[in-house]
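Morning, everyone. Please have the sequence and the structure open. I'll keep this brisk.

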Amino acid sequence: MSHRSSSGLAAVSTALLAMSRQMEVRDVLKTIVASARELLDAEYAALGVPDDHGGFAQFVVDGVSEEQWKAIGPLPRQHGVLAAMLHKAEPERLADVREDPRFGGWPDAHPELSDFLGLPIRDGDETLGALFLANKRCPKPEGSCGFTAEDEELLGILAQHAAIALTNARLYERSRELTIAEERSRLAHELHDAVSQKLFSLRLTAQAAAALVDRDPARAKGELQQVAALAAEAADELRAAVVELRPAALDEDGLVHTLRTQVQVLDRAHTATVVFDSPGIRALPATQEEAVLRVAQEALHNALRHADAARVAVTLTRNGQGARLTVADDGRGFDPRTVRRAGRHLGLVSMRDRAAGVGGALTVTSAPGEGTTIEMEVPGG
């Protein structure tokens, strides 16, 4: 194997590893474009994801500054060479894109492109996007393209794996959307079951107090005290629900501070004792921190709403380069052999999906009358 082939394969390997680490679609697109430009030593790279209206739903560039990109103006339409790449499977390798009969010009602020290499990113018969590179950094004899057949082959390999990474990212985002919808539905039930009942009791108690004011002031006073207690409980329930519903400020506060705050609120809102400990935890990638937070919330919800626990302990510790979350309660527990039936009700399916989605693992230990322990491990970054 030649030195050039060996270094090319190493660069492809590095690019593929970089793509596999991303979970958000936008991040995957940026990684694909940056990897392609670096791999083939081009001045510019871009990737367009088509919409159904002749334009692009997303268009990511590399090699162009933010100021340049803003000056260029609106996203391109699906025409010319871009359209060709979206509607056929073959790559396009051109000595000068400006001399191609399909070329339709570009805005004044657009950089000058000459030699060009592009190809579609496809998943079966579906075209996910069009990836192209321009201005190979190498000496180019007059009228020839700097991009070679070997470059075309390398970009083809990258595009195949880019299709897998992009498809996985789309599935991950869809899974997150479904999980958020499930969480909102669950919170709606919680608000109805807990807060609505307390507000109904509060209204009846207030009516009873009003009826007693004239004939039995002492009893009326007692009823009003009950009104105050019910109002305080309803406020605590609402506060706990809002903490779960509101997006956590992980970027500003970090995972440890956010978890500690939520545990403190839940400790005040419920009769159970809820405690938190986190010795020496390091920062994690954003997607992992969000997954850990959501799993902790689901496990806390199960312990406080379903397990009849008197004490719940949340611990976040270092685990190599990553972290381990443990949520342990002393509640009624359940038989793990029934997990297929109980899993969806207890949110175990979504917790496992969240853990797997960031390269982690979830372990559930429980037995009737012996409480439940949820452990989640994530690898770190």
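Which residue follows α8, and what is its phi? The residue is D308, and its phi is positive, near 55°. One caution before I go on: this is a predicted model.

Stay with α8 for a moment. Helix α8 covers residues 286–306, which is 21 residues. From its first C-alpha to its last, α8 reaches 30 Å. That is close to the 30 Å expected at 1.5 Å a residue. Is α8 largely enclosed or largely open? Of its 21 residues, 16 are buried, so the rest of the structure largely encloses α8. Buried here means under 20% relative accessible area.

Now the strands on either side. Strand β6 is residues 273–277, and strand β7 is residues 311–319. The two pair in the parallel sense, over 5 bridges. As one example, V275 has A313 in β7 as its bridge partner. The chain goes from β6 through α8 to β7, and this β-α-β crossover is left-handed. Please look at that handedness on the screen.

Which residues of β6 are on the covered face? V274 and F276 are. T273, V275 and D277 make up the uncovered face. In a regular strand, side chains alternate between the two faces of the sheet.

Strand β4, residues 116–123, runs antiparallel to β3, and 3 bridges join them. There, L94 stands opposite F116.

Last stop: T205, in helix α5, residues 149–212. Why do we call T205 buried? Because its relative accessible area is 12%, and the cut-off is under 20%. What does T205 touch, leaving aside its neighbours within four places in sequence? It is in contact with E223, Q226, V227 and L230.

That's my tour. Over to you.

Definitions and conventions. Residues are numbered from 1 along each chain as its sequence is written. This is a predicted model: local features need pLDDT of at least 70, side-chain atom pairs count only at pLDDT 80 or more; totals for chains, interfaces and linings use all residues. Side-chain values use heavy atoms; hydrogens and water are left out. Two strands pair if DSSP finds at least two bridges between them. Helices (H or I, at least four residues) and strands (E, at least two) are DSSP runs, numbered from the N terminus. Buried means under 20% relative accessible area, exposed over 50%, partly exposed in between (1.4 Å probe, protein chains only). Contact means heavy atoms within 4.5 Å. The expected span of a helix is 1.5 Å times one less than its number of residues. A crossover is right-handed if, with the strands pointing away from the viewer, the path from the first strand over the helix to the second runs clockwise.
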